[in-house]
Amino acid sequence: GIKIGSGATFTTPLNTETTSYYAEAGFIVPNVTAQVGTATTTSSSSGSSPYYHGWGGVKTQYIYKVEELIAAGLNSGPITSIAFDVTSTGSNLADFTVHIGTTTQELATATHVSGLTLVYSNPNQATTVGLNTYSLTGTFVWDGISNIVVQTSFSNVNTGGTSASTRYHAPGSTLSTYTYADNRTAQQILDTMTGGVSDGSS
């Protein structure tokens, strides 16, 4: 059926037809730290590592399915931080940002998901071996029923550098979308939803 509400209290909407309602009770555990996937593989490549720097600037989106999130122990509510497990460090990344949102897409496509919220930014992002945790400055409340999209982006406005390697989970389907270009600003990278990155001249 369709979810019509959640919370400690709920007022049933006016309905003039005979309708069956189903209620589910549960205990929400706050401050849960969860690892999504097994993260048994390491890579510094595009689509796997958010710190891939084979090009001057890169934007990457990752779709996390609701089934994976629930299996990891997450419940609906605010997400306050995210982390990537780095196994080898790379170049510092200029104008590094993290955006987050939801999608109904079950697979990633060549077009990035729109409508995401900026939740973290750093003008000169370094990496360290181990969990690189980013406390979210914006508010993102997960509804518990949608797939989540996490986007990272940066641009050093050059032709590339050293990519940091991270642990990742191979889900068996395409769940990441990435765009990259040399000598483009971070904003030009962010503004590109599909195809090549314009230099702003057209």
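1. Rings of Phe, Tyr and Trp (for Trp, the six-membered ring) make an aromatic pair when their centres lie within 6.5 Å; planes under 30 degrees apart are called stacked, over 60 edge-to-face, and the rest tilted. By that rule, this structure contains 9 aromatic pairs.

2. A word on what you are looking at. This is a predicted model, where local features need pLDDT of at least 70 and side-chain atom pairs count only at pLDDT 80 or more, while totals for chains, interfaces and linings use all residues. Residues are numbered from 1 along each chain as its sequence is written, and side-chain values use heavy atoms, leaving out hydrogens and water.

3. Start with the rings. Ring pairs join Tyr51, Tyr62, Phe84, Phe96, Tyr120 and Tyr134 into a cluster.

4. Now zoom in on Phe96 and Tyr134. Their ring centres are 5.6 Å apart and their planes stand at 50°, so this pair is tilted. Phe96 belongs to strand E5 (residues 93–103) and Tyr134 to strand E7, and the two are 38 residues apart, so the pair links distant parts of the chain. Strands (E, at least two residues) and helices (H or I, at least four) are DSSP runs, numbered from the N terminus.

5. Tyr134 has another partner worth a look. Tyr120 and Tyr134 form a tilted pair, with 4.7 Å from centre to centre and 40° between the planes. Because Tyr120 sits in strand E6 (residues 117–125) and Tyr134 in strand E7, the pair ties together parts that are 14 residues apart in sequence. Tyr120 is buried, and so is Tyr134.

6. Val98 also lies in strand E5. Val98 is buried, at 1% relative accessible area. Which residues does Val98 contact, leaving aside neighbours within four places in sequence? Among them are Ile82, Leu118, Val119, Tyr120, Tyr134 and Val150 (contact means heavy atoms within 4.5 Å). Val98 and Thr60 are 38 residues apart in sequence, and their C-alpha atoms are 9.7 Å apart in space.

7. Next, the sheets. Strands of a sheet pair through backbone hydrogen bonds, either parallel or antiparallel. Two strands count as paired if DSSP finds at least two bridges between them. In this model, 5 strands form an open sheet in the order E6-E5-E9-E2-E11, with antiparallel pairing. At its edges are E6 and strand E11 (176–181), each pairing on one side only.

8. Thr60 comes back here. E2 and E11 run antiparallel and are joined by 6 bridges. Which residue in E11 is the bridge partner of Thr60? The partner is Tyr178.

9. Another open sheet has 4 strands, ordered E1-E10-E4-E7, and the pairing is again antiparallel. Strand E1 (41–43) and strand E7 (130–135) are the edge strands, each with pairing on one side only.

10. One detail to check in the view: E1 and strand E10 (residues 165–168) run antiparallel, joined by 3 bridges. Ser43 stands opposite Thr166 in E10.

Key. Buried means under 20% relative accessible area, exposed over 50%, partly exposed in between (1.4 Å probe, protein chains only).
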